[in-house]
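Please keep the sequence and the coordinates at hand while reading.

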Amino acid sequence: MDYYLSVATFAALNVILAIGLNLISGFCGQVSLGHAAFYGLGAYAAALASVAGVPFPLAILGGVLVAGVFGIVVGFAALRVREDFLAIVTMGVGFLFLGAVRKQPWLGAEMGIAKIPSPLDKWGYAALAIGAAVALVLLSLHVRRSWMGRAFGAVAQDEDAARTIGIDVAGYKIAAFFIGTAAAGLAGGIYAHMTQLIIPDTFNFIQSITILAMVVIGGIGSTYGVVAGAILLTLMPELFRFINDYKLLVYGALLLLVMRFSPGGLAGMIQRAFGVRLA
Amino acid sequence: MYYVELLLVGLIWGCTYAMMALGLTLVYGLLRILHVAQATVFTLGAYIGLLAANHTGSLAAAFVTGALAAGALGPLIYRLVYQPILDRPPFVALVASIGVLVAMEDGFRLLFGPYGLSFENNVWFTTTYSFAGMTVNLVQVWMVVAAVLLLSAFAVFATRTRAGVAWRATVSDPAMAESFGISVTGVRYVNFLIASVLAGVAGVLVGLLNNLVEPGMGGVIAYKGLAIIVLGGLGSVPGTLAASLVLGVVESYGTVFLDKLLDRDAIAFLFLIVVLMIRPHGLLGAR
């Protein structure tokens with residue numbers, strides 16, 4: 001039972017991460033290759049707070065805010081550089097986070113932070129993670145239908161045209177980065193308390209690519225597709241032993257095949273097969 | 001004296017970066033693709049070179065076979081991965097390229113084992129020269145020589161030969177070039193061939209320098225290659241060469257002065273981000 005609970009919790013955390021990245025890259029069109037850095041920021045901030053004696057809900061909130069604030073900073077960077085330049089800058093943000101954490105003794109350097117207090121049991125974390133994931137999915141579906149979602153779409157399609165018709169491009173870009181990175185911070189806070197041990201390598205470039213793979217394989221821009229992608233990529237290594245040993249080979253090959261044959265991901269395949277457009 | 005030595009080490013790394021980054025710039029200039037999978041070409045070159053050197057005992061054989069293997073893989077990646085998705089939005093090719101990179105890291109692990117291989121008789125590594133209180137080994141000397149020779153050869157190709165002129169015409173206006181009878185497809189294959197041979201030679205050299213060839217060796221250098229081509233202004237060849245040397249030197253001094261704060265990779269990317277915030281199109285970028 002414990003095993004299934006922890007798999008379900010990880011699936012929910014991955015849904016939170018992927019929905020957050022989809023908001024930035026899918027809805028608002030800003031490619032980010034450094035999403036794991038915000039996952040890490042949330043985890044480290046919440047862990048430090050908890051170790052210092054801050055109550056659990058406040059520690060989680062702290063993680064969300066720290067990740068969100070750094071997200072706003074990267075959002076400002078996205079106003080300055082675009083497209084391919086932005087992709088490389090966000091990748092750089094990931095390496096910068098990792099390189100900085102590795103060298104700070106007060107962040108545990110290579111050893112990370114251990115003995116993080118854990119106030120909940122396995123059921124508690126599963127309930128919290130799944131509850132948060134469901135809330136985020138609902139938020140994502142709502143945003144898509146709202147004025148904000150349409151404005152994101154306009155920014156993604158053609159920034160200059162969006163600006164011409166009076167859309168506050170800068171404001172919406174920063175909003176997308178704030179919501180998406182704050183969600184990653186939430187996942188980080190839950191992860192840190194659940195595992196009680198965090199090390200820098202958990203939040204490396206491969207983790208960023210894994211989150212991107214969930215978004216892209218599910219279908220970039222489609223909330224349901226991304227949820228399916230996140231759950232699928234969490235379960236696959238658990239179901240097949242071979243995949244667990246050669247995770248990167250399978251993820252990489254899937255990324256390549258999806259891009260080659262169905263750039264719309266699972267959502268795109270469903271649209272072609274049944275003519276239904278997933279939200 | 002210590003600072004001069006740091007400068008020298010930085011410039012030597014800069015030469016390696018230049019061989020890697022020039023290929024990335026060539027691909028970007030022609031197709032607007034961030035060719036992350038170049039790391040795979042680089043690593044294959046290193047592995048094949050190492051196997052050839054250990055088999056024949058000759059380092060010359062390592063370079064020839066490494067360059068050949070890399071030169072075959074690059075155009076193959078173009079044909080199988082990029083060509084079918086050229087008309088899609090740019091992130092499609094980028095994600096596909098990342099897919100090739102991460103998949104092949106495990107692929108190399110399957111093929112050649114997880115721990116990495118070493119050269120049995122790496123004479124270049126053990127041959128050292130001392131002058132003015134500084135010590136360099138023969139690999140480092142060859143790194144600079146190879147970079148200067150190959151990049152000069154490329155400059156001659158681009159400015160003095162028919163194929164080079166066709167290549168430059170295609171970069172600046174593919175439709176016009178095609179209407180003048182240039183085979184755009186042919187130019188693309190030549191482009192990938194040159195980029196990949198440079199990466200293969202760089203792979204063998206980095207393998208010799210570390211005396212180790214391992215599955216993940218291409219990753220970091222490819223990410224840095226991307227940082228360099230962005231830093232130089234995407235698609236600009238002179239910008240790329242300048243950025244390679246600058247980044248090598250910045251890293252070299254940075255690892256001494258910022259050692260308590262950041263590691264080597266973080267320094268490189270911090271420098272990139274700072275420069276891009278000041279000049280959003282890179283050091284020598286257009287617009």
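Is B:Arg32 buried, partly exposed or exposed? With a relative accessible area of 47%, B:Arg32 is partly exposed, because that value falls between the cut-offs of 20% and 50%. As with every value below, this comes from a predicted model. The residue sits in the loop between α1 (2-31) and α2 (38-56) of chain B. Its backbone deserves a look as well: B:Arg32 is not a glycine, yet its phi is positive, at about 55 degrees. Most residues other than glycine have a negative phi.

For scale, the C-alpha atoms of chain A fill a box of roughly 50 × 40 × 30 Å along the principal axes.

From the loops we turn to positions inside helices. A:Pro237 belongs to helix α10 of chain A, which covers residues 223-239. Its relative accessible area is 5%, so A:Pro237 is buried; the cut-off for that class is under 20%. What does A:Pro237 touch, not counting residues up to four places away in sequence? The partners are A:Ile243, A:Asn244, A:Lys247 and A:Tyr251. As for A:Val250, 13 residues away along the chain, its C-alpha atom is separated from that of A:Pro237 by 9.3 Å.

In chain B, the corresponding stop on this walk is B:Thr170, in helix α7 (residues 162-172). B:Thr170 has a relative accessible area of 2% and is therefore buried. Where does the side chain of B:Thr170 have a polar atom 2.7 Å from a backbone oxygen? The backbone oxygen in question is that of B:Ala166. Once neighbours within four places in sequence are left aside, B:Thr170 is in contact with B:Leu30, B:Ala177, B:Ile182, B:Val184 and B:Val187. One of these, B:Leu30, falls within α1 (2-31) of chain B.

The secondary structure of chain A consists of 13 helices and zero strands. Chain B has twelve helices and two strands. Along the sequence of chain B the order is α-α-α-α-α-β-β-α-α-α-α-α-α-α.

How does the extent of chain A agree with that of a compact globule? For 279 residues, a compact globule would have a radius of gyration near 19 Å, and the 18 Å of chain A agrees with this.

In chain A, 56% of the 279 residues are buried, and in chain B 54% of the 287 residues count as buried. Taking the contacts in chain A with a separation of 6 or more, 78% are between residues 24 or more positions apart. In chain B, 75% of the contacts between residues at least 6 apart in sequence join residues at least 24 apart.

Chain A exposes about 11,400 Å², of which carbon and sulfur atoms supply 68%. Chain B exposes about 11,700 Å², with 68% supplied by carbon and sulfur atoms. Chain A carries 16 positive and 12 negative side chains, and the centres of these two sets are 3 Å apart. In chain B there are 13 positive and 12 negative side chains, and the centres of the two sets lie 12 Å apart.

Technical notes. Residues are numbered from 1 along each chain as its sequence is written. Chains are lettered from A and ligands numbered from 1 in the order in which they are written. This is a predicted model: local features need pLDDT of at least 70, side-chain atom pairs count only at pLDDT 80 or more; totals for chains, interfaces and linings use all residues. Side-chain values use heavy atoms; hydrogens and water are left out. Helices (H or I, at least four residues) and strands (E, at least two) are DSSP runs, numbered from the N terminus. Buried means under 20% relative accessible area, exposed over 50%, partly exposed in between (1.4 Å probe, protein chains only). A polar contact is a pair of N or O atoms within 3.5 Å; within protein, one must be able to donate a hydrogen and the other to accept it, and residues adjacent in sequence count only if both atoms are side-chain atoms. Contact means heavy atoms within 4.5 Å. The radius of gyration is taken over C-alpha atoms; the globule rule is 2.2 Å times the number of residues to the power 0.38. Accessible areas come from the Shrake-Rupley method with a 1.4 Å probe; for residues, only the protein chains shown count as cover. Lys and Arg count as positive and Asp and Glu as negative; His and the chain ends are not counted. The place of a charge is taken as NZ of Lys, CZ of Arg, CG of Asp or CD of Glu.
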